[in-house]
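Subject: the model we talked about

Hi,

Have a look at it first, then read on.

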Amino acid sequence: MSAHDDTAVHGGHHDDHHHDAPGAPHSTFKGYMTGFVLSVILTAIPFWLVMGKVFDKSSTTALVILLFAAVQIVVHMIYFLHMNAKSEGGWTMLALIFTLVLVVITLSGSLWVMYHLNHNMMPGMMPGDIHTQP
Amino acid sequence: MSETTALSTAGAVGTAAQPRFYLTREHHPENGTLLGFWLYLMSDCLVFACLFAIYGVLGRSFAAGPSGADLFELPLVALNTTFLLLSSITYGFAMLEMQRNRLRPTIAWLVVTGLLGLCFLSVELYEFAHLIHDGATPQRSAFLSSFFALVGTHGLHVTFGIVWLVTLMVQIGRRGFIPENKRRLMCLSMFWHFLDVVWIGVFTFVYLMGVLP
């Protein structure tokens, strides 16, 4: 009875060969190969940019390779981890967004705070701090 | 005796009075394991985020010691990246064979994946041994401490991924594609691809940006 209930609930789309693992991501050869080729390209370009010293300014290089990394992470998420807004009723996407917010806060917050801390705590910056030392 | 009568009257009242509009059993979402494993991966992601933040803060504190540009050998890192990317796609092929219920090709692709993982680990261990031999130990500077913590944690994850892979190969060889084994293979698939995602961050943020002047 419970099995019938489940199939009735999920009657919207029928998948022919996934009765033993319902809700499992359906991966295809084409999908994996697309992800792989894109990853190779997105990996090769940053290595070439750094090893070939393409840009004069290292800040430009850093920005560009960070951008490539972000794109490659998205490619992996879509083609290898089969992320989409529908899987598990949207809960995986929600968890991912929540985690991304935390990751961004952790990374940017740490860098921002510690950079200014280093900047403001240089020896000799505080007026008269030598005399206040015990 | 009085208890049974009380129960039966209560039950009679419950069923006869009106239809119920609530679930009589707990509702379990389908594939709760996969969602739970995804949540674990997200928490693991936070662990790596902290390690990345530490490296981001301390990565330029060389303490007059060697810097990334002095230590890192990019061809070696490129080789390692290739190993991990290839192992990702071979695990994908194993999952495709699993979908067709073909046992031997699945195990063959899993073996290839495991071997590529071992290649990755041995290159990384060679790199670590080389660094430590040159005196670039974790104790040398804050940069090296955070480097070894971040890259070492990733390597530890790959190690346990390989242990898990071998365990699953034994399980599949013994029991075949029972639903539990398929579920386990799907969890390891997510774990393995997730490690590759973390490695994208490592080779970009640590190695490539570390050698920039």
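A word on naming before anything else: helices (H or I, at least four residues) and strands (E, at least two) are DSSP runs, numbered from the N terminus. Residues are counted from 1 along each chain as its sequence is written, and chains are lettered from A and ligands numbered from 1 in the order in which they are written. Keep in mind that this is a predicted model, where local features need pLDDT of at least 70, side-chain atom pairs count only at pLDDT 80 or more, and totals for chains, interfaces and linings use all residues.

**Confidence**

pLDDT is the predictor's confidence in each residue, from 0 to 100. For chain A the mean is 79, with 73% of the residues at 70 or more. Of the elements of chain A, helix α1 (residues 2-9) has the lowest mean pLDDT, 41, while helix α2 (residues 29-51) has the highest, 95. Residues 1-22 of chain A stay under 50, and the model has nine contacts beyond four places in sequence for them; a contact is a pair of residues whose C-beta atoms, placed from the backbone, lie within 7 Å. Where pLDDT is low, the predicted coordinates should not be read in detail.

**Chain A**

Chain A has five helices and zero strands. Buried residues make up 17% of its 134 residues. The cut-offs are these: buried is 20 or more other C-beta atoms within 10 Å of the residue's own, exposed is 12 or fewer, and partly exposed is in between, with C-beta atoms placed from the backbone. Of the contacts in chain A between residues at least 6 apart in sequence, 51% join residues at least 24 apart.

The domain assignment of chain A gives domain 1 (26-82) and domain 2 (86-121), with bounds that come from an automatic or database domain assignment. The C-alpha centres of these two domains of chain A lie 21 Å apart.

α2(A) is worth a look. With 23 residues, α2(A) reaches 33 Å from its first C-alpha to its last, close to the 33 Å expected at 1.5 Å a residue; the expected span is 1.5 Å times one less than the number of residues. Its buried residues are A:Y32, A:G35, A:S39, A:L42, A:T43, A:P46, A:F47 and A:V50. What covers the buried residues of α2(A) includes α3 of chain A, along with α4 (74-99) and α7 of chain B. After α2(A) comes A:K53, which has a positive phi, near 50°.

**Where A meets B**

How many residues of chain A are in contact with chain B? There are 41 from chain A, in contact with 40 residues of chain B. On the chain A side, α2, α3 (58-79) and α4 (91-120) each supply at least two residues, and the largest share, 12 residues, comes from α4(A). By class, that side of chain A has 26 nonpolar, 13 polar and two charged residues. For those classes, Ala, Val, Leu, Ile, Met, Phe, Trp, Tyr, Cys and Pro count as nonpolar, Asp, Glu, Lys and Arg as charged, and the others, Gly among them, as polar.

**Chain B**

Helix α7 (residues 179-210) of chain B has 32 residues and should span 46 Å at 1.5 Å a residue; its end C-alpha atoms are 45 Å apart, which agrees. α7(B) bends by about 25° at B:F203, the bend being the angle between axes fitted to the seven residues ending there and the seven starting there. Since 24 of the 32 residues of α7(B) are buried, this helix is largely enclosed by the rest of the structure.

Most residues other than glycine have a negative phi. B:A63, in the loop between α2 (32-58) and α3 (68-71) of chain B, has a positive phi near 50° and is exposed, with 11 other C-beta atoms within 10 Å. B:N101, in the loop between α4 and α5 (103-133) of chain B, has a positive phi near 60° and is exposed as well, with 12 other C-beta atoms within 10 Å.

B:S141 is in the loop between α5 and α6 (142-175) of chain B. Not counting residues up to four places away in sequence, B:S141 touches B:S61, B:F62, B:A63 and B:G65. B:S141 and B:S61 are 80 residues apart in sequence and 6.9 Å apart in space, C-alpha to C-alpha.

How values were computed:
Contact = placed C-beta atoms within 7 Å.
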